[in-house]
Amino acid sequence: MRDLQIFHSVARALTSSLDRDTILRTIMQQMEPFFEAETWSLLLVDEQRRELFYAVAGGTMPTDATEATLREMRIPIGQGFAGWVAEHGESLIVPEVELDGRFMHLAGRTDDNSRVRSAICMPLRVRRETLGVIQLINCRVETLSDYTISFLHLLCDYAAIAIENARAVERIQELTITDDCTGLYNLRYLYRQMEAEMERTQRFGSMFSLIFIDLDHFKDVNDHYGHLIGSELLAEVGQALRSQVRGVDSVFRYGGDEFTVLLPGSDKLAARETAIRLNRFLREKAFPMSDGPELQIRASMGVATYPEDGATAQEIIRAADQMMYLVKGMTRDSVAIAGMGMLPV
């Protein structure tokens, strides 16, 4: 009956939520009393970086460790118990760690290694791909039966399904908020983020700014080199802009050859400095194209700040857009600030 209740709870979690961490935590919490592990964790594979990271963890943590600190840790694939399982896609049961010469040095803090007496690591696999690893530390390995191990494998299958479903949902969400050409966030997501920033500003009394960017004479690129090169240049410019802003900032493709940059927590002076820096960066940057030409592009930029320059997202965008057109109508390749006008750049 207990086993059936566990399966029921896990199945209900899979069907009642699309949030990956919520589902994985439910699975692990159901697993914890069954296997009586001192510490349990579920790590996910970061394929690009060839690393594992902690998604959820629980049990008796070391005094200087929390789930938040674990989330900052990265384990190279192939290193430690979980790294070995991720690399080989095979389960690992180590009743006595000190007798296993392969794993004398665990990934992470060495002063925690003395706490590890036994370990069970199971891969989470879908279609021959290892998505993550479940790790149980210091459970009573000697009492585990074939049935118990089979039960653990079934729970791993549930976790793998949850991860695969969550990844599919994330991919769908990315498609709805990203621009196909540049890979940047799109206009729909800009409005969503601005609404969120306005709510945060109203609650905490902060502010945010928006930079509206229009590429100068971009039509000449399309006319001279064709639209394929034009699209490639747009993508390169978008990624270059993103590389030049803070991690908390977001770059969006507004449409055509227009971009916006959302600057949370930035007042007008900070936004002005960012816009000037971006303008100078584009002046100095050359973009090599795949078909040979190396292109340069300039931009006209306008800046507006919430709540000083508008009370809604539309008003802030309009204010920044008007400043951009002020630059377009005068010199191009410069920056104008709402309430301040054109700036020497």
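Analyst: In this predicted model, six strands make up an open sheet, and their order is β8-β9-β7-β12-β13-β14. The pairing among these strands is mixed. In general, the strands of a sheet pair through backbone hydrogen bonds, in either a parallel or an antiparallel manner. The edges are formed by β8 (250-255) and β14 (341-343), each of which pairs on one side only. From one strand to the next, the twist averages 25°.

V335, for example, has L343 in β14 as its bridge partner.

Helices accompany the sheet. Helix α9 lies across β7, β9, β12, β13 and β14, and it runs at about 170° to β12. Helix α10, residues 313-330, also packs on the sheet. The strands that α10 touches are β7, β8, β9, β12, β13 and β14, and its direction makes about 145° with that of β12.

Several of these elements also take part in the largest nonpolar core, which has 33 residues. Among the strands that give two or more residues to this core are β7 (208-216), β9 (258-264), β12 (298-306) and β13 (335-337). The helices that do so are α7 (218-225), α8 (227-243) and α9 (268-284). Within this core, I211, I213, L233, V237 and M301 touch the most other members.

Note on methods
Residues numbered from 1 in each chain as written. Predicted model: local features only at pLDDT ≥ 70, side-chain atom pairs only at ≥ 80, totals over all residues. Heavy atoms only, no water. Core = buried A, V, L, I, M, F, W, Y, C linked by side-chain atoms within 4.5 Å. Buried < 20%, exposed > 50% of the residue type's maximum accessible area, 1.4 Å probe, protein only. Helix = DSSP H or I, 4+ residues; strand = E, 2+ residues; numbered from the N terminus. Pairing = 2+ DSSP bridges. Axes fitted to C-alpha atoms, helices over the stretch in contact; angles between N-to-C directions. Contact = heavy atoms within 4.5 Å.
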